[in-house]
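Q: I would like to learn how to read a structure one feature at a time. Could we take a few features in turn, with the general idea before each case?

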Amino acid sequence: MQPEPGANGTAVTEFILLGLVETPELRPAVFVLFLLAYLVTVGGNFSILAAILVEPKLHKPMYFFLGNLSVLDVGCITVTVPSMLVRLLSHKHTVPYAACLTQLFFFHQLAGVDCYLLTAMAYDRFLAICRPLTYSTRMSQTVQRTLVAVSWACAFSNALTHTVAISTLHFCGPNVINHFYCDLPQLFQLSCSSTQLNELLLFCVGFIMAGTPMALVVTSYAHVAAAVLRIRSSEGRKKAFSTCGSHLTVVCLFYGTGIFNYMRLGSAKLSDKDKAAEIFNTVINPMLNPIIYGLRNPDVQGALRWVLLGRRSLA
């Protein structure tokens, strides 16, 4: 949908993304840095996915969700970074209106699935530790696939709602976005029409998409912590906590940066500090996830050794 003409008779048909740096001398360094980050993220997450597929010991619900998370991480960084790299090479900062909304849709689609998938992983840990006798039936393959399908459906509804809502706004004045990709807070600042309803929608839907999953994660881990503390042996407690540590780290990083980014809609101007938080959310998090899971899990380490070096672990 194209924006309607504004009061001055001119409709914005494209936006100008300033990117991360405005100094031309710094652009080659930024290009190399983000290209390396992209390659490491794609390589790391696909390595995790390959390890899960080839190692029978990893054919468990926890790793099924982890494999899906790896695919999502590749998708999230692919939505934002390659287009930024192209703009750095071509020195062309414009992005068409339709392309901007398309990027916004896919970013919120993938980030939304991430929210629910992390919740499904917390539920999986709750069942494994607190309900071990019924774990295999409560977390069957049908349940796993249903949880992933519901995650995609809910995230699609969220992304479509925001995309349609933003397309009803008029953009008739400034079209410069001080950012490296299109997102809701930056577009709100450029709108010639009122964004109060859009911001209210973002808050309400955000509560459903992020607040509810986060509450479920906290509830799951409260039960997990109580169950683990009842284990008498220190070795047993250590083993139980080790299966949750990686997931808790990823959850804290994901929700911490996400809350910082979207709870500051009243900010009149995007600062470099805000850009740094966005980089962490869109680039660093997807790159860290395979490292976090790989370093803390011996089974994943063994499978990665087989995939990357062709040597199966003796353990």
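Q: Is Tyr181 buried or exposed?

A: A residue is called buried under 20% relative accessible area, exposed over 50% and partly exposed in between, with a 1.4 Å probe and protein chains only. Tyr181 counts as buried because its relative accessible area is 0%. Please keep in mind that this is a predicted model, in which local features need pLDDT of at least 70, side-chain atom pairs count only at pLDDT 80 or more, and totals for chains, interfaces and linings use all residues. Residues are numbered from 1 along each chain as its sequence is written, and side-chain values use heavy atoms, with hydrogens and water left out.

Q: Where is Tyr181 placed, and which residues is it in contact with, leaving aside neighbours within four places in sequence?

A: Helices (H or I, at least four residues) and strands (E, at least two) are DSSP runs numbered from the N terminus, and Tyr181 is in the loop between strand S3 (176-177) and helix H6 (184-190). Contact means heavy atoms within 4.5 Å; with those neighbours left aside, Tyr181 is in contact with Leu17, Thr80, Gln103, Phe107, Glu278 and Thr282. Leu17 is 164 residues away from Tyr181 in sequence, yet their C-alpha atoms are 6.9 Å apart in space.

Q: What does the side chain of Asp124 make a polar contact with?

A: A polar contact is a pair of N or O atoms within 3.5 Å; within protein, one must be able to donate a hydrogen and the other to accept it, and residues adjacent in sequence count only if both atoms are side-chain atoms. The side chain of Asp124 makes such a contact with the side chain of Tyr135, at 2.4 Å. Asp124 is in helix H3 (residues 97-130) and counts as buried because its relative accessibility is 0%. Not counting residues up to four places away in sequence, Asp124 touches Pro61, Met62, Phe65, Tyr135 and Met139.

Q: How many helices and strands has the chain, and what share of its residues is buried?

A: The chain has 10 helices and 3 strands, and buried residues make up 48% of its 315 residues. Among contacts between residues at least 6 apart in sequence, 79% join residues at least 24 apart.

Q: In what pattern do these elements follow one another along the sequence?

A: Read along the sequence, the pattern is β-α-α-β-α-α-α-β-α-α-α-α-α.
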